[in-house]
Amino acid sequence: MHIADGNALFNMLQQYSGSIGTAAMSVIIAIAGSPYQGQSKQVVIGSQAAFIVLFLFTLLIFACILRFIKRDKQGLVKN
């Protein structure tokens, strides 16, 4: 019974995080592209801004993983 509840909770959190991520990226695309004339130019500039934001998040996550691996090798991480 607890396993089914855990799966349902995990699926719900995945759905919410996906919808929040989609909404956040659409806001970034809309805001970054708003000063430009023409719908295609707005989408291109906004998409570039969204890509940069996602790339920065990727770098941040990668740095955190490297730091965790370094701490694990030093024996600072407890199991």
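What share of the 79 residues in the protein chain is buried? Buried residues make up 6% of them. Keep in mind on this tour that the model is predicted.

**Whole chain**

Start with everything selected. The protein chain has two helices and zero strands. The trace spans about 55 × 40 × 10 Å. The radius of gyration is 19 Å, whereas a compact globule of 79 residues would be near 12 Å.

**Helix 2**

Select residues 39-73. This is helix 2. Helix 2 counts 35 residues. From first C-alpha to last, helix 2 reaches 51 Å, close to the 51 Å expected at 1.5 Å a residue.

Next, pick Ile 45, Gly 46 and Ala 50. These residues of helix 2 are buried.

**Phe 51**

Move on to Phe 51, also in helix 2. Is Phe 51 buried or exposed? Phe 51 counts as exposed, because its relative accessibility is 58% and the cut-off for exposed is over 50%.

Phe 51 and Met 25 lie 9.0 Å apart in space. In sequence, 26 residues separate them.

**The aromatic pair**

Show the side chains and look at the two rings.

How many aromatic pairs are there? The count comes to one aromatic pair. The ring centres of Phe 51 and Phe 55 are 6.3 Å apart and the ring planes meet at 15°, so this pair is stacked. The reasoning uses two cut-offs: centres within 6.5 Å make a pair, and planes under 30 degrees apart count as stacked.

Compare the exposure of the partners. Phe 55 has 43% relative accessibility, so Phe 55 counts as partly exposed. Phe 51, at 58%, counts as exposed.

Key
Residues numbered from 1 in each chain as written. Predicted model: local features only at pLDDT ≥ 70, side-chain atom pairs only at ≥ 80, totals over all residues. Heavy atoms only, no water. Helix = DSSP H or I, 4+ residues; strand = E, 2+ residues; numbered from the N terminus. Buried < 20%, exposed > 50% of the residue type's maximum accessible area, 1.4 Å probe, protein only. Phe/Tyr/Trp six-rings, centres within 6.5 Å; stacked < 30°, edge-to-face > 60°. Rg over C-alpha atoms; globule rule 2.2 N^0.38 Å. Expected span 1.5 Å × (residues − 1).
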